[in-house]
Amino acid sequence: MHTLGRAAPKSLLLEGGNPVQRLALGRFWAARLNCPDSHPPCGQCRTCMQIEDDVFRDLILLNGAEGSLVIDEIRAVRALMNEPPAGPGMRVVVLAEAQFLTDKAANALLKSLEEPGPGNVFALLAPSREILLPTLVSRSFVLTLSWPTTSTADAERDQWSAALARFIQTGQGAWLEQTGKKGAVDAALGYGIIQDAQRALLQAGYGNPITELARVFAQRLDVVSIRQASVILENATKSLDAGANPAVVVEWLGFRLWGLVQK
Ligand SMILES: [Zn+2]
């Protein structure tokens, strides 16, 4: 992105990640093209602060999730894009969640994407290029945020999470064997197991269980015990923070959740 900043594309499409990450990157892009102090942007100067607070005059932010990617808004942006930016940097028009551009608005946008006035650039943010009109994508330089990937570490965690799910239902399974193995659990894995359990708890709480552990939570825990489980997980995290033996913490966690489910 720093290299890109030296010759900013007229239209940059940022895909991948989640809406918050995309928006953060959109602001970063605006800061990259406007911070007078340094490259990368300093994050501390007046310009960077104003961009962070959405009050920078050369950052125009329209969000499709808020219903603002409609024809009238795009017309107003087009008029503005013919004028030079107010400050010494570049005017950046960020169209967040660009998949919500109405067809009419998207068509009105095409010409500006190709030929914005001097000193003006667009940044389109979207989950993926596939859900945008091809005409928008073909006029943009596409940058993909890292997608959540499945690594060996994740596969190992999935096994632990599945073993935990079996253990808290039956009090048996590979769980105790796994936690009992010398050096089997380091701190990173400990945090990972806790995080997965927290995610499973969230899924259960929202009635959308995806993993096996989440399904167990959803079936066996009521609202009160979900809250208790969340406290147990917080305490396990604190123990790891304090430097406790990860294998012991994880084993304790299993027993506490088992106890909660058996109630
Ligand atoms: Zn700055």
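Reader: Which residues of α9 and α12 meet each other?
Author: In this predicted model, Ala-187, Leu-189, Gly-190, Ile-193 and Ile-194 of α9 meet Pro-246, Val-249, Val-250 and Leu-253 of α12.

Reader: How do the residues of that contact divide into nonpolar, polar and charged?
Author: The contact of α9 with α12 has 8 nonpolar residues, 1 polar and no charged.

Reader: At what angle do α9 and α12 pack, and how far apart are the axes?
Author: The angle is about 20 degrees, and the axes are 9 Å apart. Helix α12 covers residues 246-262. Angles under 35 degrees count as roughly parallel, so α9 is roughly parallel to α12.

Reader: Is the crossing of α9 and α12 left-handed or right-handed?
Author: Left-handed: that is how α9 passes α12.

Reader: What about α9 and α10, at what angle do they pack?
Author: Helix α9, residues 187-205, packs with helix α10, residues 212-220, at an angle of about 50 degrees. Their axes are 8 Å apart. At that angle the two helices are therefore oblique to each other.

Reader: Which residues make the contact?
Author: From α9 they are Asp-196, Ala-197, Ala-200, Leu-201, Gln-203 and Ala-204. From α10 they are Leu-213, Ala-214, Phe-217 and Ala-218. The contact of α9 with α10 divides into 8 nonpolar residues, 1 polar and 1 charged.

Reader: Left-handed or right-handed, when α9 passes α10?
Author: The crossing of α9 with α10 is right-handed.

Reader: Changing topic. Into which domains is the chain divided?
Author: The protein chain has domain 1, at 2-144, and domain 2, at 152-262. The C-alpha centres of domain 1 and domain 2 are 42 Å apart.

Reader: What is the order of the strands in the open sheet?
Author: The order is β2-β3-β4-β1-β5, which makes 5 strands, and the pairing is parallel.

Reader: Which are the edge strands?
Author: They are β2, at 59-63, and β5, at 141-144, and each pairs on one side only. From one strand to the next, the twist averages 20 degrees.

Reader: How many bridges are there between β2 and β3?
Author: There are 5 bridges, and β2 pairs with strand β3, residues 91-96, in the parallel sense. As one example, Ile-60 has Val-93 in β3 as its bridge partner.

Reader: Which strands does helix α2 touch?
Author: Helix α2, residues 19-32, packs on the sheet and touches β1 (11-15), β2, β3 and β4 (120-126). The direction of α2 makes about 170 degrees with that of β3.

Reader: Back to helix pairs. How do α4 and α5 cross?
Author: Helix α4, residues 71-81, and helix α5, residues 103-114, cross at roughly 10 degrees, and their axes come within 8 Å. An angle under 35 degrees counts as roughly parallel, so α4 and α5 are roughly parallel to each other.

Reader: Which residues meet there?
Author: Ile-71, Ile-74, Arg-75, Arg-78 and Met-81 of α4 meet Lys-104, Ala-105, Ala-108, Leu-109 and Ser-112 of α5.

Reader: And how many of them are nonpolar, polar or charged?
Author: The contact of α4 with α5 divides into 6 nonpolar, 1 polar and 3 charged.

How values were computed:
Residues numbered from 1 in each chain as written. Predicted model: local features only at pLDDT ≥ 70, side-chain atom pairs only at ≥ 80, totals over all residues. Axes fitted to C-alpha atoms, helices over the stretch in contact; angles between N-to-C directions. Helix = DSSP H or I, 4+ residues; strand = E, 2+ residues; numbered from the N terminus. Parallel < 35°, antiparallel > 145°, perpendicular 65-115°, else oblique. Left-handed = near helix turned anticlockwise from the far one by under 90°. Contact = placed C-beta atoms within 7 Å. Nonpolar A, V, L, I, M, F, W, Y, C, P; charged D, E, K, R; others polar. Domains from an automatic or database assignment. Pairing = 2+ DSSP bridges.
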